[in-house]
Structures are given as C-alpha cells and as structure tokens.
Amino acid sequence: FFESQVRFSLDPLFSFLLPGFGGLAWHPPCLSCEMSLPRPRGPNIVICGTPGVGKTTLCQTLASELGFRHIEVGALVREKGLHDGYDAEFDTFTMNEDKIVDELEPLMVEGRNLVDFHTVDFFPERWVHAVVLLRASTSSIFDRLTKRGYNEKKREENIDSEIMNVVAEDVYESYPPNIIVELQSDTTEQFEANVGRVKAIAAELLSRSW
C-alpha cells in the first residue's frame, strides 16, 4: 500500500562493531547457495523507511560525500517499467520484484551503492551489508507527503504504516539485528547526525578487503 517494495540482505561473513549494531555474526540458512552466486565487489547500504522519512534527501547527500551510487528504486520502477501496472486506488504502480532484482543485480554486484526504498523484503541476502531504518514522527511525515501532493488516502496509509511499524517489522524479520541501525529523521540536527553515522558505517565497510 505504500509506493513500492523492496527486500534487503546481509553479508553473512561480517558483523558490525559500531554503536547500534550487535556483535553477533549472522549465518544464512544456505551459505553454500549464497556463496555460489556473484558477491558484491564493494559495500551496499540500504536506506529504508516509510515514505516521508527522508530517505532520498539522506541518500543524495551521502552519495555526494561518499562517491557512492544512489539507487532510487521507486524511480527505477517508474522509468524502466519494473511493475505490473498502475493501481489507481492507491495512486501507485504494482511493482514486479523479479524485474527489480534483475535490473539491480549488476549494480549491486559492482557495489558501492546506497539503495533508497521504503522496505526491504525481497533483496538477495548476498547484496546488502548494512540497513539504515529511518523513522519520523507522524506530523513530519504528514507535512512532507502533503508537500509532495499525496492525496488524503495515500497519506493516511503511509502514516498508519509508520504507526504500526510495518517497515520496521519487515526489516527485523528479514535481517539480523547486527547490521540494522535505526535513526530518527525529524530535524536538521538529526539529519546532520544521520549523515555522520552512515558515513562511519560506510568507512568501516570500505576498510574491509573486497
């Protein structure tokens, strides 16, 4: 019911030792299957959250400062037809997960990506090395979505999803807690702190041997 959907993944060989991450290693159910597929040649970070929490603004800033590629999945869905048609009731496209994965595969294997999408439940595990879950107050989300021209029903659906932790539940059901960090995204001060926090995560990832 929000704009589109996405799934996230984890690099099973590493665990974060930064504040906000656990220290436990993660082992996927089929490590041998994952290892037989192409591995990213650099880190990939997913920035997710309910529409209106500030994902795209954060990704644009980070891409400029880090030199990472910003992949705005919702825009790709619209521009490249990675969907099964338009849903007039919810004013959105019905995304096609297989088409999205096929489109992103070469980019994700190349690495050094910031993936901007509102949820994370269909990306291959081998793609993703960190997940940043942005949160915001319902008043912030309402104001931002109103400025975007969202109709009342679409605004309410997204605000309800934040209240009910829809994206958060997807994240924690899809990935181990040691690669997830939640950041509040209401104020300019929080935004600046979030930029610094994600840059620290990226620096730790880049220090590894790829």
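**Strands and rings in a predicted model**

Visitor: Which residue in S6 is the bridge partner of Val-46?

Guide: Val-131 is the bridge partner of Val-46 in S6. Strands here are DSSP runs (E, at least two residues), numbered from the N terminus. Residues are numbered from 1 along each chain as its sequence is written, and side-chain values use heavy atoms, with hydrogens and water left out.

Visitor: How many bridges join S1 to S6?

Guide: Strand S1 (residues 44-48) and strand S6 (residues 130-135) run parallel and are joined by 4 bridges. Two strands pair if DSSP finds at least two bridges between them.

Visitor: And what is the order of strands in the sheet?

Guide: The open sheet has 5 strands in the order S2-S5-S1-S6-S7, with parallel pairing. Strands S2 (69-72) and S7 (180-184) stand at the edges, because each has a single partner strand.

Visitor: New topic: which residues form the aromatic cluster?

Guide: Phe-122, Phe-123 and Trp-127 form one aromatic cluster. Rings of Phe, Tyr and Trp (its six-membered ring) pair if their centres lie within 6.5 Å; planes under 30 degrees apart count as stacked, over 60 as edge-to-face and the rest as tilted.

Visitor: Is Phe-122 buried or exposed?

Guide: Phe-122 counts as buried because its relative accessibility is 9%. Buried means under 20% relative accessible area, exposed over 50%, partly exposed in between (1.4 Å probe, protein chains only). Phe-123, at 0%, is buried.

How values were computed: Predicted model: local features only at pLDDT ≥ 70, side-chain atom pairs only at ≥ 80, totals over all residues.
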